[in-house]
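Biologist: I would like to go through the labels on this model. Can you show me the structure before we start?

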Amino acid sequence: MSVLLIAGSPSDRSRTAALLEAAGQRLEARGVLVDRLRVRDLSPQALLLADFGHPSISQATGQVAAADVVIVATPVYKAAYSGVLKVFLDLLPQDGFKGKVVLPLATGGSPHHMLALDYSLRPVLQSLGAKHILPGIYATDAQVTLNESGSYQVSADIGQRLDDAVNTLLTESLQTGLSIAGRFPPIAFSQVQCSV
């Protein structure tokens, strides 16, 4: 199983990136192959002009196509996901998330924008053909704090929710066969043998 972490924050260092990285670390600790995509690192001109042939856009859409699972993280601005993420998602094919399990993550200044995950991001993920969208995780500024070393740290309650989400993600992936896809050739029913 391969997982792609998509960071939809326009900032280099952010609470959103810290939340996403905490999810990625939990997956890597379980032996999952994790790839990363920071939308802010793509060519701004190519994003704004919808230059599908630009190397950074081609590579990014290829990363999405190759992933079995996608975790999308965004800050919430004005009750919606970030504009930079919107521009990137608009460049994906209509079935860009077809057959994929998706976990949405978001951060915001207060709990008042928590529903942005369900009312603005989830419909877009669904329209891209996601097979299964897991319940999202929303963290406030108070739940992803800056520590003395200058890095962000997720609170214990968000850490527990991430643990639960990773467990659910792995369970869903096993149920849909993502973890073994491509490892074994298909077997015709006539070749199945059973002994009692």
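Biologist: What should I know about the numbering and the model?

Modeller: Residues are numbered from 1 along each chain as its sequence is written, and side-chain values use heavy atoms, with hydrogens and water left out. This is a predicted model: local features need pLDDT of at least 70, side-chain atom pairs count only at pLDDT 80 or more, and totals for chains, interfaces and linings use all residues.

Biologist: Why is the contact of R38 and D12 called a salt bridge?

Modeller: The term asks for a side-chain nitrogen of Lys or Arg within 4 Å of a carboxyl oxygen of Asp or Glu. R38 and D12 meet at 3.0 Å, N to O. The pair therefore qualifies. R38 sits in strand β2 and D12 in the loop between β1 and α1, so parts 26 residues apart in sequence are tied together. Helices (H or I, at least four residues) and strands (E, at least two) are DSSP runs, numbered from the N terminus.

Biologist: What makes R38 and D12 partly exposed?

Modeller: Buried means under 20% relative accessible area, exposed over 50%, and partly exposed in between (1.4 Å probe, protein chains only). R38 has 31% and D12 has 42%, so both fall in the middle class.

Biologist: How do you know that D141 and R15 form a salt bridge?

Modeller: Their N to O distance is 3.7 Å, so the pair passes the cut-off. D141 lies in the loop between β7 and β8, R15 in helix α1, 126 residues apart.

Biologist: Which residues are linked in a network of salt bridges?

Modeller: D12, R38, R40 and D41. The structure holds ten salt bridges.

Biologist: What is the volume of the largest pocket?

Modeller: About 270 Å³. Among the 18 lining residues, the closest to its centre are A17, A18, L20, E21 and R38. Helix α1 gives the most to this lining, with six residues.

Terms used:
On a 1 Å grid over the protein atoms alone, a cavity is a set of points where a 1.4 Å probe fits but cannot get out, and a pocket is an open set with protein on both sides within 12 Å along at least five of seven lines; lining residues have an atom within 4 Å of a point. Grid points are joined across faces, edges and corners, and a volume is the space filled by probe spheres set on the points.
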